[in-house]
Amino acid sequence: MEAEQIEIAGFLRQYPPFSQLPEQTVNYVATQIEISYYRAGTDVYRFGDEIHDLCVVRSGSVEIYRRNGKLYNRLSEGDLFGQLGMLMGNRVRLPARTMEDSLIYFIPESVFTELCDQFDEFAYFVEMDDNGGLSHAVSIKKDSNDLLGSKITKLISREPVTIDATSTIRQAAQKMTEESVSSLLIMEEVADVEDSGQIRQALAGILTDRDLRTRVVATGVDLDGSVTDVMTRNPITLDDDAYAFEAMLTMLRFNLHHLPILENRRPIGVLATSDIVRYESQNSLYMGGTILRQSSVEELARVATEVKSCFVRMVHEDANSHMIGSAMSVIGRAFKQRLLELAEEQLGKPPVPYCFLALGSMARDEQLVVTDQDNALILDNGYDHEQHGEYFEELTKFVSDGLDACGYTYCTGLIMATNPRWRKTRREWEECFSDWIDNPDPEALLNCSIFFDLDGVYGKTDWAEQLNAFVVRRSGQSPRFLACLARNALNRTPPLGFFKGFVMEQDGKHRKSINLKRRGTAPLADLVRVHALAVGSTARNSFERLDDVIKAGILPADRGTDLRDALEFISMVRIRHQALELEAGNEPDNNIEPDNISDFERRNLKEAFMVLSNAQRFLKFRYPFTRK
C-alpha cells in the first residue's frame, strides 16, 4: 500500500461500519477509494442523480436534504451518505451539499456490494436509513422478551372453577377440595341493561385458600353461612387481550395471588402466582409481597438490599424499560405502603382520612435505582391543623425516615410530605393547581413538572385519580398555560452539537460524559406530558400518554412511533449503564461516556437525540407562546 492509502485505511478504521471490519478488508477498501474536493455550497448530488458510490466525509461538513428541500441531517468527519440511493435503483433520494470546503471519499459500488454480501454488520449499518436503525434496535429488544410478547391467555392452564352466590361456605370449600384449586369464582345472576334486560352470569367475587384460613377458620364463622359473607367482592380483573407482563405488574402492585381473566365480561380463567413464575424467572413478583410482610423499618431496610439485585436480573433477562420502570415503581410503592401501615400501628388510627401521593418517576412507572423520594399528602377537607397537624407531621416523618433507610434518599428540594407546604386538603390542592395553571411563573412551571405526575399510594387513592382528572381538565382549558409548559419543556435540550456530534459535560465530576436523564429521558417525559395534557389524557406513564397522543392525531405522521423508540432506546442505554455500575460495585448514576459504549449504541443514541430535537421544535410550533 502507498502512504496515502495507509492514511486512508487508518482514517476509516476510526468509524463504523469500517471499525467492525477485518484489517485486511479495510486496507483493500482504501486501495479502491477515489477522492474529490468540493468548495463550500457545492452540490455533491441533486435529487434524482445517478449514484454508484458510497460517500464518506473525510473533512469539512455536508448537509443532507429531503426532496422537499427541508434539512434532514448534517454530516461531519467519518459520516456516510449515498447508501440509500444505491439501495433504491441507483438514484439519489436525499440531495447532498457541502457546508464548507470538504474532501469526500468515494467507494465504488462493486466494493460496496461486496462488503454488504460478506459482512452482516456492514449491511445492517448501511441499510438502516432515517430512524430505521433506532426502530430496529428497539424491536430487537421487544422480540427478545417472551414475557412482553405473550398474551395473558397463554398462561391460563384451565377453565375457572365457579360456584353460585347462593351457595354456602361449606359447599364452596368442598368444591375447591374436589377440583384441587386454590381459588373459586363466585357467580351471580344480573340483569344486563345493555342487552335489553336479559339475565346473565356475572362475577360477584373470589374465594381463596387464604380467605378460608383468615376469614372462616381463624374467626369461627358458621360453615353453613353464605359464601358471599367471606368472599372478596368486586375483585381486580384483567381482560383476555392483556399481556402477561401486565398481569405480573397488576399482581405485584396489588399484592394479589389470584387474578381472574375475563372475555366479554365472562371469566375464562384465573391466573395464579405460579403461572406467572413460569414466565418470569426473577423474583420481582415476590418482592412486593415480601416487603408487605416485614414488621419493622429495620426488616424493610434488610429487604431493600435486594432491590438492586432484582434490577440487575431484569436487565439480564432482557426486560424492556417499561417493564423495569413499572416493576421498580411497584416495589417502591410497596415500601411506602408498608411504612404507612407501620406508622399507623405506632401512632394509631388517623384523625381524618388522607391519601399518600407518589410523585415524578414513581407515579409514571418509570423509576430506576438512582432515585430520591418525591411525595405529598392529600388531607380530608375536614382537616384542622391545630387538632390534626401533629399526627400527620409524625406520620410523614416516620415514612420519610423509613424510606431513606431503605435507599430512597431525602429529596434535596424538599418535595416531601414532611414539608408542611406539601400537606394540603383536597380543596387546597385544587386551588394550588388552579393557581399554577392560571399564573404559570417559573416556580409554578417547575412544580407542575413534578406534581402533575401523581399517583395515590395509600389511603383514599381515589382522591389522587380525581385530582389528576382535575389537573387534566383545567390544563386543557388554558392554551396559554400549555404554551408556557411547552416553553419550559425546551429548557433541557439533547446533547447534540451543530454537526450532530455529542456535546458533553465540560467540567465537574462527570466531565466528558452525557447525563442521559437530564439530557434525554427527562426532556422526553416533559414534552410528552404537554401533548398528553393537550389531548386530555389521564395516563401518567410516558408510553401510555404517547399512545393517547398518537390516537388524537396531533403529531406529524410517524413522529409518535419515533418518540416511543427514542424514549425506549435512551432509557435502555441508561438502564444498562446502571446495571453495569452495580455489577462493578460502583454507585450507579445517569452519566455515560460515549467512548465506553458500542458503535451501535452511539449511532442509535444520536438518532434518538435527533428525534428529541425535532420533537422539541414541533412543540414550539404546536403551542405558540403569547403574553395574553
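**Core and backbone**

In this predicted model, the largest nonpolar core contains 68 residues. Those with the most contacts inside this core are Phe433, Trp436, Phe451, Phe452 and Leu605. Helix 24, which covers residues 599-622, supplies the largest share of the core, with 9 residues. Leu605 shows what such a position looks like in detail: leaving aside residues up to four places away in sequence, Leu605 touches Phe502, Leu516, Phe569, Ile570, Val573, Ile592 and Ile597. Apart from this core lies another one, of 54 residues, and Met287, Ala304, Ala319 and Ala358 are among them. As a general background, nonpolar side chains in soluble globular proteins tend to be buried together.

Now take the chain as a whole. The secondary structure amounts to 24 helices and 21 strands. The C-alpha trace spans about 95 × 60 × 55 Å along its principal axes. Of the 628 residues in the chain, 54% are buried. Among contacts with a separation of 6 or more, 71% are between residues 24 or more positions apart.

The surface comes next. The chain exposes about 28900 Å², and carbon and sulfur atoms supply 46% of that area. As for charge, there are 71 positive and 95 negative side chains. The centres of these two sets lie 5 Å apart.

Most residues other than glycine have a negative phi, and most peptide bonds are trans. Where does the chain have a cis peptide bond with omega near 5°? This bond runs from Pro16 to Pro17. Pro17 sits in the loop between helix 1 (3-12) and helix 2 (23-32).

Two residues other than glycine can be examined for a positive phi. For Asn90, phi is near 60°, and the residue belongs to the loop between helix 3 (83-87) and strand 7 (96-98). For Asp558, phi is near 70°, and this residue is in the loop between helix 22 (542-552) and helix 23 (559-583).

Asp558 has 57% relative accessibility, and exposed means over 50%, so Asp558 counts as exposed.

Technical notes: Residues are numbered from 1 along each chain as its sequence is written. This is a predicted model: local features need pLDDT of at least 70, side-chain atom pairs count only at pLDDT 80 or more; totals for chains, interfaces and linings use all residues. Side-chain values use heavy atoms; hydrogens and water are left out. Helices (H or I, at least four residues) and strands (E, at least two) are DSSP runs, numbered from the N terminus. Buried means under 20% relative accessible area, exposed over 50%, partly exposed in between (1.4 Å probe, protein chains only). Contact means heavy atoms within 4.5 Å. Accessible areas come from the Shrake-Rupley method with a 1.4 Å probe; for residues, only the protein chains shown count as cover. Lys and Arg count as positive and Asp and Glu as negative; His and the chain ends are not counted. The place of a charge is taken as NZ of Lys, CZ of Arg, CG of Asp or CD of Glu. A nonpolar core is a set of buried Ala, Val, Leu, Ile, Met, Phe, Trp, Tyr and Cys residues joined through side-chain atoms within 4.5 Å.
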